[in-house]
Amino acid sequence: MKKSINHQYMRSTNKRLILDFIRKKEPITKKELADQLGISVTSVATFITELMEEGLISSSGNADSSGGRKSELYRLNPDSLYVFGIDIQIDRLIITLINLSGDIVKAAEIKLDQNNEWFVASLITKSLNQICETVNLPFSKIAGIGIGVPGIVNHHTGIIEFAPNLGWKNVNLTSLLPVEVPIIVENEAKAAAVGELNFGIAKAKTNLIYVSIGSGIGTGLILNGSLYYGHNFLAGEFGHMTIAPQGLPCRCGKEGCWEVYASNDAAMKLYQKKSGIKLQSFDELLEAFYRKNPDAIEVIGRIVHFLGLGIANLINGLNPEVVVIGGKIAEAESLINYRLLKEIKDHCFEYSYRGIELLFSRLKNQATALGAANLMIDGLLANLK
Ligand SMILES: [Zn+2]
């Protein structure tokens, strides 16, 4: 009995490995798959037949060969499944529809007038149906939904334990969505790290820190190639590391947290203190910065100082190869890049700083939605029989 369970386990593991390899290296031949995965050509052939019957892959011509029989190439069948990725922000929903190959079929941004969970759930339902109609895709072709939220998510249950900016506590969003497909819920910065890894500027990196800078600061950690969750799924809450003992109060109840000095909200508060002007959004502050407003320049300089200080601490502790800056401030890359790098260097242990790459997200507002969709596809493929 035990033997047959192990056999079934090995079998589905090998099938998943093959599909995953095709996903990353397509188009590819059976022989290449067998050689690179260390699985026999006969087994590869069996799984290829199954995957083709299931519609997940298709053959796509022949590889160039130097004499002998030509080898058939295999690639994903992009239209075999579609997945939605959703990023729930405080004032908007970012929704992306992708196919199995990760091509973006449709991206939408929808304003949120209220953010109680019932309202958000019904708006999501309505929006997904509308998008399906727009691209002429029956909802039955949707294989899953990945959702990113600004808060603490129990990775096992998908329950949103605490999302202070949305005012949510113990919200089971999945149960509020009247759909029959699997749903994955993940913290927004963790999802964005996955987005950068698969769609963005940090493709195929194995150790990266994604720093999500918004009204607070969160980070997503990819360590040794995998998303790192920690004991209670709280890994990455560096926004609450103390950088100023007895410093400014934080909404977490403590004082001197990193996000109180380096987030967009921190920047806007500092600007108001300096200029007496209360801005409505961080976008306005960035515009003032671009116009060379002296107060805005001073404020952004201060924020960059604290960002660099905090990031240096993360680099010292985690030894990543890449740090990706995400959030609206990433759009100011050309103006803050050098200064931020200098701040990091000034506060970093010399050996940890060597070889570090500082990158700015180019995915605009899409990193979390794309990452959440990618996590959903990973989840679907992990359940292959
Ligand atoms: Zn805090």
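A residue counts as buried if 20 or more other C-beta atoms lie within 10 Å of its own, exposed if 12 or fewer, and partly exposed in between, with C-beta atoms placed from the backbone. Helices (H or I, at least four residues) and strands (E, at least two) are DSSP runs, numbered from the N terminus. The model you're looking at is predicted: local features need pLDDT of at least 70, side-chain atom pairs count only at pLDDT 80 or more, and totals for chains, interfaces and linings use all residues. Residue numbers start from 1 along each chain as its sequence is written.

**Exercise 1. Find which residues of helix 9 are buried and which are exposed on the other side.**

Step 1: Go to residues 282-290, which form helix 9. Buried here are Phe282, Leu285, Leu286, Ala288 and Phe289.

Step 2: Check the partners. The buried residues of helix 9 pack against helix 8 (264-275) and helix 10 (294-318), where contact means C-beta atoms, placed from the backbone, within 7 Å.

**Exercise 2. Describe how helix 10 and helix 11 cross.**

Step 1: Pick what to look at. Two packed helices are described by the angle between their axes and the distance between the axes.

Step 2: Read off both. The axes of helix 10 and helix 11 (residues 333-347) come within 7 Å and cross at roughly 45°. Axes here are lines fitted to C-alpha atoms, for helices over the stretch in contact, and angles run from 0 to 180 degrees between N-to-C directions.

Step 3: Name the arrangement. Angles under 35 degrees count as roughly parallel, over 145 as roughly antiparallel, 65 to 115 as roughly perpendicular and the rest as oblique. Helix 10 and helix 11 are therefore oblique to each other.

Step 4: List some of the residues that meet.

**Exercise 3. Locate Ala204 and say whether it is buried or exposed.**

Step 1: Find the loop between helix 6 (188-198) and strand 12 (208-213); Ala204 is there.

Step 2: Count neighbours. Ala204 has 8 other C-beta atoms within 10 Å, so Ala204 is exposed.

Step 3: Check the backbone. Phi of Ala204 is near 65°, a positive value in a residue other than glycine.

Key. Contact = placed C-beta atoms within 7 Å.
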